[in-house]
Amino acid sequence: MGEQKRKEWKKEMKNEPYFIFEKKNFVVMAIGLGVIALGFLLMTGGGSDDPEVFNPEIFSWRRIRLAPMLVLLGFGIEVYAILLNPNKK
């Protein structure tokens, strides 16, 4: 009895190739990557061309609070996209 079920299971596994992720997963992953990229873009700038001059713009709210939160949000979206089950109704 058990041997027959094992043979049937092997046949089913060989005949049905499938992808783990579907289009919905990839779309959500792309959105997450976009949010991460936006966060890194918001972190750029604020430097000075002259090393002797201090520019306090590097400590702006955008670079210290907003951009890192966007990056973390993007990583959260990526985790959600990986765990998302598109077949669930």
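Modeller: A residue is called buried when its relative accessible area is under 20%, exposed when it is over 50%, and partly exposed in between (1.4 Å probe, protein chains only). This is a predicted model: local features need pLDDT of at least 70, side-chain atom pairs count only at pLDDT 80 or more, and totals for chains, interfaces and linings use all residues. Residues are numbered from 1 along each chain as its sequence is written, and side-chain values use heavy atoms, with hydrogens and water left out.

Biologist: Thanks! Which pattern does the chain follow along the sequence?

Modeller: Helices (H or I, at least four residues) and strands (E, at least two) are DSSP runs, numbered from the N terminus. The chain has three helices and zero strands. Read along the sequence, the pattern is therefore α-α-α.

Biologist: What share of the residues in the chain is buried?

Modeller: The chain has 89 residues. With the cut-off given above, the buried share of them is 22%.

Biologist: Let's turn to α3. How far does it reach from its first C-alpha to its last?

Modeller: Helix α3 covers residues 61–83, which is 23 residues.

Biologist: At which residue does α3 bend?

Modeller: The bend at a residue is the angle between axes fitted to the seven residues ending there and the seven starting there. In α3 this angle is about 25 degrees, and a proline, Pro68, follows within four residues. The bend sits at Ala67.

Biologist: Which helix is included in what covers the buried residues of α3?

Modeller: The buried residues of α3 are Arg63, Ala67, Leu70, Val71, Gly74, Ile77, Glu78 and Ala81. An α-helix has 3.6 residues a turn, so residues three or four places apart point the same way. What covers these buried residues includes residues 23–43, namely helix α2.

Biologist: Which residues does Val71 touch beyond those up to four places away in sequence?

Modeller: Val71 lies in helix α3 and counts as buried because its relative accessibility is 8%. Ile36 is 35 residues from Val71 in sequence but 4.5 Å away in space, C-alpha to C-alpha. A contact means heavy atoms within 4.5 Å, and the residues that Val71 touches are Ile36, Gly39, Phe40 and Met43.

Biologist: Which residues are in contact with Asn25, leaving aside neighbours within four places in sequence?

Modeller: Asn25 lies in helix α2. Its 0% relative accessibility is why it counts as buried. Its contacts are Ala81, Ile82, Leu84 and Pro86.

Biologist: How many residues make up the largest nonpolar core?

Modeller: A nonpolar core is a set of buried Ala, Val, Leu, Ile, Met, Phe, Trp, Tyr and Cys residues joined through side-chain atoms within 4.5 Å. The largest one is made up of Val28, Met29, Val35, Leu42, Ala67, Leu70, Ile77, Ala81 and Leu84. α2 and α3 each supply at least two residues of this core.

Biologist: What kind of aromatic pair do Phe21 and Phe26 form?

Modeller: Rings of Phe, Tyr and Trp (its six-membered ring) pair if their centres lie within 6.5 Å; planes under 30 degrees apart count as stacked, over 60 as edge-to-face and the rest as tilted. The centres of Phe21 and Phe26 are 6.0 Å apart and their planes lie at 80 degrees, so the pair is edge-to-face.

Biologist: And what kind of pair do Phe54 and Phe59 form?

Modeller: Phe54 has a relative accessible area of 58%, so it is exposed, and Phe59 is exposed at 55%. The ring centres of Phe54 and Phe59 are 6.1 Å apart, with 40 degrees between the planes; this pair is tilted.

Biologist: Last one: which residues does the UniProt annotation "transmembrane region" cover?

Modeller: The annotation comes from an unreviewed UniProt entry; positions are in the numbering used here, feature names are shortened, and annotations may be inferred rather than shown by experiment. In the model, residues 26–46 are 86% helix, with end C-alpha atoms 34 Å apart, while residues 66–84 are 95% helix, with ends 26 Å apart. The record's annotation covers 26–46 and 66–84.

Definitions and conventions. The expected span of a helix is 1.5 Å times one less than its number of residues.
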